Amino acid sequence: MPADRDIDWLLPPDVERLRTLERWCLVLLELIRGRIAEIERRDRVSEAARHGPAVTPLDEWKLEYSIGRGGCMLVHTADCRLASGRTRPTTREQVLDALRQPQVETCSICPAAQELGITDP
């Protein structure tokens with residue numbers, strides 16, 4: 001501001017009210033920054049949507065459930081053609097967790113075991 005402008009009329013004369021205004025300005029600044037972040041996040045999502053669907057972890061693996069009790073469950077890569085209609089998309093972490101169970105195995109056709117880094121059949 002130019003030095004010749006008097007702003008004393010704009011601000012209160014005491015520290016208590018100046019501190020209140022200071023606090024209000026800080027709160028307002030945080031609200032503004034939050035709104036900016038929200039708009040930028042929405043714009044990034046919109047931009048990503050224009051470039052096509054992103055590959056999510058659920059698009060990488062399938063877990064095939066057996067028919068009935070006691071059957072073997074199979075882990076497939078997402079593009080395995082041997083996978084039946086009894087499959088569900090899953091994450092890598094969920095697949096690795098499932099493979100700790102004795103009734104879960106990797107598909108012998110698709111490269112699921114290799115992609116998961118499993119060397120023992």
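These notebook entries record what I looked up in a predicted model.

**Basis.** I number residues from 1 along each chain as its sequence is written, and I leave hydrogens and water out, using heavy atoms for side-chain values. Because the model is predicted, local features need pLDDT of at least 70 and side-chain atom pairs count only at pLDDT 80 or more, while totals for chains, interfaces and linings use all residues.

**Fold.** I looked up the helices (DSSP runs of H or I, at least four residues) and strands (runs of E, at least two), both numbered from the N terminus. The chain has three helices and four strands. Read from the N terminus, their order is α-β-β-β-α-β-α.

**Burial.** I took buried as under 20% relative accessible area, exposed as over 50%, and partly exposed as in between (1.4 Å probe, protein chains only). Of the 121 residues in the chain, 18% are buried.

**Core.** I next searched for nonpolar cores, meaning sets of buried Ala, Val, Leu, Ile, Met, Phe, Trp, Tyr and Cys residues joined through side-chain atoms within 4.5 Å. The largest one has 13 residues, and W61, L63 and V75 are among those with the most contacts inside it. Two or more residues come from each of β1 (61-64), β2 (73-77), α2 (92-98) and α3 (112-116).

**Cysteines.** I counted disulfides (pairs of cysteine sulfur atoms within 2.5 Å) and found zero. C107 is buried at 5% relative accessibility, and C110 is buried at 8%.

**Salt bridges.** I searched for a side-chain nitrogen of Lys or Arg within 4 Å of a carboxyl oxygen of Asp or Glu. The whole structure holds six salt bridges.

- R17 pairs with D14, with the closest N and O atoms 2.5 Å apart.
- R35 pairs with E38 at 2.7 Å, N to O; both lie in helix α1 (residues 15-50), three residues apart, about one turn of the helix.
- E64 pairs with R86 at 3.2 Å, N to O. This pair links distant parts of the chain, with E64 in strand β1 and R86 in the loop between β2 and β3, 22 residues apart. E64 is buried at 8% relative accessible area, whereas R86 is partly exposed at 35%.

**T87.** T87 is buried, at 13% relative accessible area. Leaving out residues up to four places away in sequence, T87 touches K62, L63, E64 and H76, where contact means heavy atoms within 4.5 Å.
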